[in-house]
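Please read them beside the coordinates.

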Amino acid sequence: MNRPADVQAAFCAVLCDEWARAGVTHAVVAPGSRSTPLLIALDAEDRIQVTVVLDERSAGFTALGLGLASGRPALVVTTSGTASVELHPAVVEAHYAHVPLIAVTTDRPPELQEVGAPQTVDQVGLFGKAVRWSAHPGVASVESQSMWRSLATRAVAEAARGPVHLNLAFREPLIGDPAAVAWPPARPEGAPWHALGNVAAAGPDPELVALLAAHTGGRGLIVAGQGADVDGGAPAVFALAAHVGWPVLADPRSGCRAPHELLVSTADLLLRSDFADQQPDVVLRLGTPWASKVLNQWLAALPAGVPQVFVDPLGRWADPERSARYLSSTTARGLLQALTGSARPATNTGWTQGWQQAEATARATVEQLLAAGGDLELSEPAVAAACLRAGVLFTSSSMPVRDVEWFGPPVAGARVLCNRGANGIDGVISTAIGVAQADPDVPVVGLLGDLAFLYDAGALLWAARRDVRLSLVVIDNGGGGIFSFLPQAAALPESRFERYWGTPHGLDLTRVAASYGVAATRIDDRTDLDRFLAGAGGPGIRVAVVPSDRAGNVAAHDRINSAVAEALGRGHTSSHGGARTD
């Protein structure tokens, strides 16, 4: 007769076997008792690399980072009770950012529910609508063997575009022998139980193709955000741009801010000047919106007669201003293929040349102001631009992502990642660690503010045990720097502003990092910063703290904006109000 503990052990071993067959390579686990059967099975599965993280909240974001960087779901495993609840922030981010993630919460059996048993909460449907799929199969039994492999593989398939939740109940005793129970048969040759075919992007609607063809060679714009490079990468986007003859305004997260004659990397700066008077006849928006409030408000203010086409292969309704005339789940490559037979490739027009000339002027002005040796060489914009050149960059979702977006130069092959699903500063260090773990041979730079660093500093615990190459650059401006750009900074007494928004911490961040066993240094000049970034390929996790000043940072932004407007021969708008916290 099969012992229940052995059946549970076999169930977990089969899940791990099937997850490995389906392509899962990483699991992030937090210590706990109720999860014992699954932890033992994961430890025995050589095809899945297991990382132990003390804090479940941090574990969730580490798994999120793995999925964000690799495009494959990582497992995150918790014990029962509030440990499972701690995954909710990472699940929410994964949901809104469409990041693959498999949240596995372990639970008490039915007889311990609703009777005051310790460490027991209602975990069924714990994450609500924030998951693509959830399953609560109950305590494993011999009778349920036929669904074990399907359960594991379906979780991987359902997680392709967002988080899933498996809530697995285990009954004591928690340790058994998986070999004592016959496993359900597997597919031959190591194949997963279910095979999910690639879903081809929908072809563009003929009416949409006709609209774009009618404006080929005219006053059109391509605005590329995160997701624009799906299906063909930046070359597909620029091939489309060359065909229609339009400039490409590219967010660094789009994968398209690479050197190209049609690239516009300074859109936020240009639109803070009178250059914003330029009005297109059509806008093609690829991927998700930029962080730039200036760009988004400019697009939203275009007349209703200017059609805006939103294209996203994941079918996201990424239109907070409700400006879209057409929404399509095709890709840049799909549009190019459809247009090839319906319109002649465009030649460079005066409209496009105007954007190119403005881009060249603005880019040269920014590069001169932020160059080493100048008085802005260690400003927050200069640090952001330098980090973009150092390798894979993961940025915090406050000022860092905006500085990279507004001032970051074109860099061939650059990859910029950020938690812009829910746009919080939750779990920034943990996510960066996950990004770095996805490929330990690739150096990763994390750029974040002091509050984001302190919020997630516990993620540095046991950092030396991880096989990663991660360099964290922390901007220390003594609080919430982004709020200094908002109206309350000028409208309220300084003491009130500091209490509720500035929130100075008064801590030595290098000592905070060192208390977790992480090497940390203070950056006092550009040479120090360049030397630190040059060593980004070294093993381990290290921290550089760059001191800044919130008021001085606002002044630096205004100075850059003014200089660009002057170089263009146009007036400019203050950067106040140009940032946003959502």
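1. Which helices and strands each supply at least two residues of the lining of the second largest pocket? They are α13 (380-388), α14 (399-407), β15 (444-449), α16 (450-455) and α18 (494-502). Helices (H or I, at least four residues) and strands (E, at least two) are DSSP runs, numbered from the N terminus. The most is given by α14, with four residues.

2. On the basis of the work: this is a predicted model, in which local features need pLDDT of at least 70 and side-chain atom pairs count only at pLDDT 80 or more, while totals for chains, interfaces and linings use all residues. Residues are numbered from 1 along each chain as its sequence is written, and side-chain values use heavy atoms, with hydrogens and water left out.

3. The second largest pocket has a volume of about 350 Å³. Its lining has 29 residues, and Ser-398, Met-399, Ile-425, Gly-481 and Ile-482 are those nearest the centre. By class, the lining divides into 13 nonpolar, eleven polar and five charged residues. Here Ala, Val, Leu, Ile, Met, Phe, Trp, Tyr, Cys and Pro count as nonpolar, Asp, Glu, Lys and Arg as charged, and the others, Gly among them, as polar. A pocket is an open set of points on a 1 Å grid over the protein atoms alone, with protein on both sides within 12 Å along at least five of seven lines; a lining residue has an atom within 4 Å of a point.

4. Cavities are sets of grid points where a 1.4 Å probe fits but cannot get out. Points are joined across faces, edges and corners, and a volume is the space filled by probe spheres set on them.

5. An open sheet is formed by six strands in the order β14-β13-β15-β16-β18-β17, with parallel pairing. Two strands pair if DSSP finds at least two bridges between them. At the edges are β14 (416-418) and β17 (519-522), each of which pairs on one side only. From one strand to the next the twist averages 20 degrees, using axes fitted to C-alpha atoms and angles from 0 to 180 degrees between N-to-C directions.

6. Within this sheet, β13 (residues 392-395) pairs with β14 in the parallel sense over three bridges, and Thr-395 has Cys-418 of β14 as its bridge partner. Six bridges join β15 and β16, also in the parallel sense; Gly-449 is partnered by Ile-475 in β16. Seven of the eight residues of β16 (residues 469-476) are buried, so this strand is largely enclosed by the rest of the structure. Buried means under 20% relative accessible area (1.4 Å probe, protein chains only).

7. A search of the whole structure finds zero disulfides, a disulfide being a pair of cysteine sulfur atoms within 2.5 Å. For Cys-12, the nearest cysteine sulfur is that of Cys-16, 6.8 Å away. Cys-12 counts as buried because its relative accessibility is 0%. Cys-16 counts as buried at 1%.

8. Val-164 lies in strand β6 (residues 163-169) and counts as buried, at 0% relative accessibility. The C-alpha atoms of Val-164 and Val-76 are separated by 11 Å, and the two residues are 88 residues apart along the chain.

Definitions and conventions
Buried means under 20% relative accessible area, exposed over 50%, partly exposed in between (1.4 Å probe, protein chains only).
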